[in-house]
Number of protein chains: 2
Amino acid sequence: MFGARCLLRALRSCTSAPCPRHKPSARLSVRDALGARSTNGERVKVQGWIRSVRSQKEVLFLHVNDGSSLESLQVVADSSFDSRELAFGSSVEVQGQLVKSPSKKQNVELKAEKIEIVGNCDAKDSGFVHIHTPIITSNDCEGAGELFQVEPSSKIKVPEENFFNVPAFLTVSGQLHLEVMSGAFTQVFTFGPTFRAENSQSRRHLAEFYMVEAEISFVESLQDLMQVMEGLFKTATMMVLSNCTEDVELCHKFIAPGQKDRLEHMLKNNFLIISYTEAVEILKQASQNFTFTPEWGVDLHTEHEKYLVKHCGNIPVFVINYPLALKPFYMRDNEDGPQHTVAAVDLLVPGVGELFGGSLREERYHFLEQQLARSGLTEAYQWYLDLRRFGSVPHGGFGMGFERYLQCILGIDNIKDVIPFPRFTHSCVL
Amino acid sequence: MFGARCLLRALRSCTSAPCPRHKPSARLSVRDALGARSTNGERVKVQGWIRSVRSQKEVLFLHVNDGSSLESLQVVADSSFDSRELAFGSSVEVQGQLVKSPSKKQNVELKAEKIEIVGNCDAKDSGFVHIHTPIITSNDCEGAGELFQVEPSSKIKVPEENFFNVPAFLTVSGQLHLEVMSGAFTQVFTFGPTFRAENSQSRRHLAEFYMVEAEISFVESLQDLMQVMEGLFKTATMMVLSNCTEDVELCHKFIAPGQKDRLEHMLKNNFLIISYTEAVEILKQASQNFTFTPEWGVDLHTEHEKYLVKHCGNIPVFVINYPLALKPFYMRDNEDGPQHTVAAVDLLVPGVGELFGGSLREERYHFLEQQLARSGLTEAYQWYLDLRRFGSVPHGGFGMGFERYLQCILGIDNIKDVIPFPRFTHSCVL
């Protein structure tokens, strides 16, 4: 599946942050190298990260990118340069001659005379443990989600008896199951289908969609969570760009002209952070007329989300600390006085609006107990409360809609166009 | 998820078959090397396949296995030996000194003086394309499966109106959707949850389980299909053994003593092939009394499957060419006279029975049309019939139950013990 593998690899991997060292001699950015008109053997130096490696008998091909362009520069080297350290993600400094490429795929390439590894990238599968959370569940994680119920087809006429003895639903999130597993594996993730029985014909909703969800034990601040979220977005996108270049180019060229620059803009900049309270203030001061009047204590609508992203210069923006009353029982109480908030975080991105949702989880027994009581869920979630009785730790997590992610990076307007068999109200073809 | 990644990697990868060359000097099997009593620097030669590589600054660790033992031999080499060709799956010949290992993990290790690469293994992600087939479907692939029906929970009382306009079910197989995609991508696979509303409390059934399913265009014989199936089983198992050694050891030591030898036996031998007709003959001649009398035209039961595997010396056995009347409409007609069969194949394995099921698909329009008419499915499967009108090709595929696979390699008796959140009749915990 387009991009899914990159996402999984991004989550499984821990990459050591490369730290480029500075050299006195002049250098060329990848963008400038690619745009070079005269290529009569001038000597240049390019610094960047390896996006792909192809090792042949007598020659080694690297694609190097430094963020100045979505396109990478092809580096051609003698096979004697080949080493295990020249791996995806390693940062390198390449010196050599910029020459005309014999291939039609690019105008120029860099004939390497010297390749120095600046920062190793030993990306082992050692970060997050992949858990298959169940599809059929007796929980309703969001508390008030639009659920699909599941019963054997022949029994649908005898609703007094349940196949599983209890009412069973299609999962709306693997979060609670991940929380169980994070109590043993510290860092876990799931990637699988989730469901909403929402009567929606919108361009960003599906009845069946994929989510990547992660849960991390011993996390004590939203800052730490946001770092993982931003890292996941950027790493996965870099991997998609390097592994599926042609597919992405196709979308950018024919479906979403201008998207290439917009994406580059997102990757180059640090994501912004504003509080929900600040967000409401920004919306209130907006000259734009909204269908839904922005007000503290009321949820943000798509029109608000899109305005906020634009307001932030089309850079993805984290909105944090939402009113407690708006959020489900498991989010961590900020204990912050009259305007009572929880440690929730949403990431809003250009074109799509909400892409990630996450929070610190309430790890304190008595706080959680009170929240459950207030929601009338104490009995149903006794098992969840028990997780706070036996070795509870501060923890948090997030989920990212996979189809919305594809919309965001490819610039595809309708979510039904990024999934092979879309399911939505009134439609379940094949 | 335990083993899942290995499965996916095994399917995505095309490994070139390594072809060991023979040398005149004496050699030691990995088993003999591991069992060596005296290790006072004797010079030996070991040939096998690389199961793992760990490259450090000044030293390189390889684990080499030749099939003589489930355990691998650790080879320790100078980092100057390091090269990209020393990769997972490459075959090597290592000469050096067998010495006592300083680590407690093994008694001996091979200090390499010479490492020769016999056969390269360039395992790129270039084999099968991963497709996410949908969970909710309006099809019933097996024709007579026990289906779960899906409706919004609030609407379950108004069954005259469907959320999707048509009755919708949880998928029992991604096959038909894969067939759509195989018409463009040639080789595709899916790995995801599938469902059966079977009222079963058996040790090998779940209401929600994972299947890896593959579909291959331009396949014209069961032989070709069986080669992929055997290759998948063996490659995935080798990868699990090398990547999750400690987990497997734990199961083999404490849960299933003797399983290590049984698994070795499966990996070392070529899988057998018998026809359904031969299978029935074997069962009829058995001295054992079966609960269900074996008879041509009747499906094989678990007791039959287990007997057949035992009869074949506890080597996995393919049973091919089943009666047409027993199998769904999409299987390819063998046109073989009075005892009318289709090109179906099941793989039976020790301890579990049926692990894989597959077939050539009926690619001929008129044969398929007749089969659909006979099953009264012509209208519902018009779209499927259409696939035979536009660029139809001979093709085939198979599915493997993932939890049964884990049962088989780990020697775990109850399927509920190889999945974190098992779902079955009367039980949907959390």
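Reader: Which residues make the nonpolar surface patch of about 340 Å²?
Author: A:L250, A:F254 and A:I255 make that patch. Keep in mind that this is a predicted model.

Reader: Where is A:L250 found?
Author: A:L250 lies in helix α5 of chain A, residues 245–255.

Reader: Switching to the interface. How many residues of chain B are in contact with chain A?
Author: 57 residues of chain B, and they touch 57 residues of chain A.

Reader: And what area is buried between the two chains?
Author: About 5,200 Å². Carbon and sulfur atoms give 63% of that.

Reader: Which three residues of chain B supply more of its buried area than any other three?
Author: B:R84, B:H132 and B:L430. Together they supply 16% of the area that chain B buries against chain A.

Reader: How many salt bridges cross that interface?
Author: Two, by the rule used here. B:R84 comes up again: this residue forms a salt bridge with A:D82. Their closest N and O atoms are 2.7 Å apart.

Reader: What about polar contacts, how many residue pairs?
Author: 26 residue pairs between chain B and chain A, both residues at pLDDT 80 or more.

Reader: Which element gives the most to the side of chain B that touches chain A?
Author: β8(B), with five residues.

Reader: How do the residues on that side of chain B divide into nonpolar, polar and charged?
Author: 32 are nonpolar, 16 are polar and nine are charged.

Reader: New topic. How many salt bridges are there over all chains?
Author: A search of the whole structure finds 30. One of the salt bridges joins A:K260 to A:E71, with the closest N and O atoms 3.8 Å apart.

Reader: Where do A:K260 and A:E71 sit in the chain?
Author: In distant parts, 189 residues apart. A:K260 is in helix α6 (residues 259–268) of chain A. A:E71 is in the loop between β2 (59–65) and β3 (73–78) of chain A.

Technical notes:
Residues numbered from 1 in each chain as written. Chains lettered and ligands numbered in written order. Predicted model: local features only at pLDDT ≥ 70, side-chain atom pairs only at ≥ 80, totals over all residues. Heavy atoms only, no water. Patch = residues over 30% accessible without salt bridge, like charges linked within 9 Å, V, L, I, M, F, W, Y side chains within 5 Å. Areas by Shrake-Rupley, 256 points an atom, 1.4 Å probe, with all protein chains shown as cover. Salt bridge = Lys/Arg side-chain N within 4 Å of Asp/Glu carboxyl O. Helix = DSSP H or I, 4+ residues; strand = E, 2+ residues; numbered from the N terminus. Contact = heavy atoms within 4.5 Å. Buried area = accessible area lost by both parts, 1.4 Å probe. Polar contact = N/O pair within 3.5 Å; in protein donor to acceptor, adjacent residues only side chain to side chain. Nonpolar A, V, L, I, M, F, W, Y, C, P; charged D, E, K, R; others polar.
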